[in-house]
Amino acid sequence: MSINIAENSYLRPVTETDAKQLFEWTNEAETRKNSFSSEPVLWENHVQWLKKKVADKNCLFYIMMSGESPVGTVRLDMDDESRIGTISYSIDKQFRGMGLGGMILALVEEKAKEAGVQSLTGEVKLENKASGKCFLKNGYQLVEENPTELMYRKCLSKVPEHGKLDGDVFRKEN
Ligand SMILES: CC(C)(COP(=O)(O)OP(=O)(O)OC[C@H]1O[C@@H](n2cnc3c(N)ncnc32)[C@H](O)[C@@H]1OP(=O)(O)O)[C@@H](O)C(=O)NCCC(=O)NCCS
C-alpha cells in the first residue's frame with residue numbers, strides 16, 4: 001500500500017480553497033509540538049496568513065497528492081535577494097512512516113531548482129528525529145546546531161572553481 005501511495009505522489013499548488021485542510025494539518029498535535037511557535041493557530045489568522053502566502057511571489061506552497069487524496073504539504077519561503085529557501089512541511093498523521101516525508105522534500109527540491117533557488121534550509125527541533133532523518137536522506141548537511149535546534153542545508157547550485165556563483169546571492173556578498 002505504501003508503495004502505491006509513494007508512486008502516485010505529486011505536488012500541486014496550494015489555493016485559498018485548501019484553507020480547511022491546511023488548518024487541520026497545522027493544528028495537529030505533533031505538528032504544533034515540532035513547530036517553533038507551538039500555540040494553536042486561530043482560524044481567522046490562518047485565513048489571512050494563507051491569503052498572503054498564496055499571493056507571495058517568494059513563496060512556493062504545495063499540497064502533496066497521492067492520486068486524488070491530499071497527504072501532506074510543503075512550503076518554501078524564499079529570500080528574494082539571496083535565493084535561499086526555508087522549508088516547512090508536514091505529512092498527514094495517517095500517512096506518516098511510509099517514506100512520504102523524504103519524498104516531499106525530493107519533490108519540492110525539483111520545484112526549487114526550476115525557480116532558481118540557490119540553496120534550501122530546514123530548521124528542526126532537536127527531538128524531531130523523523131524530520132532530521134528526512135533531510136539527511138535527501139542529501140542535506142547539518143550546518144548548525146544548538147541545544148534545542150538543528151539546521152540542515154543543501155546547496156542546489158554548483159560552485160565554480162573561483163568560488164563565486166553567478167546570481168544575485170553572490171553578487172550581493174561580493
Ligand atoms: C517529520 C515528518 C514530515 C516525517 O514524515 P514521514 O512521512 O513520517 O517520514 P518518513 O516516513 O519519510 O520517515 C522518516 C524517517 O524517520 C524515522 N522516524 C519516524 N519517526 C521517528 C522517531 N520518532 N524517532 C526516530 N526516527 C523516526 C523513520 O523510520 C524514517 O527513517 P528511515 O528512513 O531510516 O526508515 C512527519 O513526521 C510530520 O509531518 N511530522 C509533524 C510535522 C513536522 O514535524 N514537520 C517537520 C518540521 S521541521
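Reply: A term needed at the outset is residue class: Ala, Val, Leu, Ile, Met, Phe, Trp, Tyr, Cys and Pro count as nonpolar, Asp, Glu, Lys and Arg as charged, and the others, Gly among them, as polar. The model is a predicted one, in which local features need pLDDT of at least 70 and side-chain atom pairs count only at pLDDT 80 or more, while totals for chains, interfaces and linings use all residues. Residues are numbered from 1 along each chain as its sequence is written.

Me: How do the residues of the shell around the ligand divide into nonpolar, polar and charged?
Reply: The ligand is surrounded by 22 residues, with N34, R96, G101, K129 and A130 the closest, where near means that the C-beta atom, placed from the backbone, lies within 6 Å. Sorted by class, the shell holds 7 nonpolar, 10 polar and 5 charged residues.

Me: Which element supplies the largest share of the shell around the ligand?
Reply: Elements here are DSSP runs numbered from the N terminus, helices being H or I of at least four residues and strands E of at least two. At least two shell residues each come from α3 (29-34), β4 (84-91), α5 (100-114), β5 (119-125) and α6 (129-137). The largest share, 6 residues, belongs to α6.

Me: What is the order of the strands in the open sheet, and which strands stand at its edges?
Reply: Strands pair if DSSP finds at least two bridges between them, and the open sheet of 7 strands has mixed pairing in the order β1-β2-β3-β4-β5-β7-β6. Each edge strand has a single partner, so one side of it is left without a neighbour in the sheet, and these strands are β1 (9-13) and β6 (141-145).

Me: Which residue in the turn between β2 and β3 has a positive phi?
Reply: β2 and β3 pair in the antiparallel sense over 8 bridges, and Y62 stands opposite V74 in β3. The two strands form a hairpin with 2 residues between them, and the residue in the turn with a positive phi of about 60° is G67.

Me: Is V117 buried or exposed?
Reply: V117 lies in the loop between α5 and β5, and its C-alpha is 6.1 Å from that of I84, 33 residues apart in sequence. Neighbours within four places aside, V117 is in contact with M78, R83, G85, A112 and L156. Because 22 C-beta neighbours lie inside 10 Å, V117 counts as buried.

Definitions and conventions. Buried ≥ 20, exposed ≤ 12 C-beta atoms within 10 Å, placed from the backbone. Contact = placed C-beta atoms within 7 Å.
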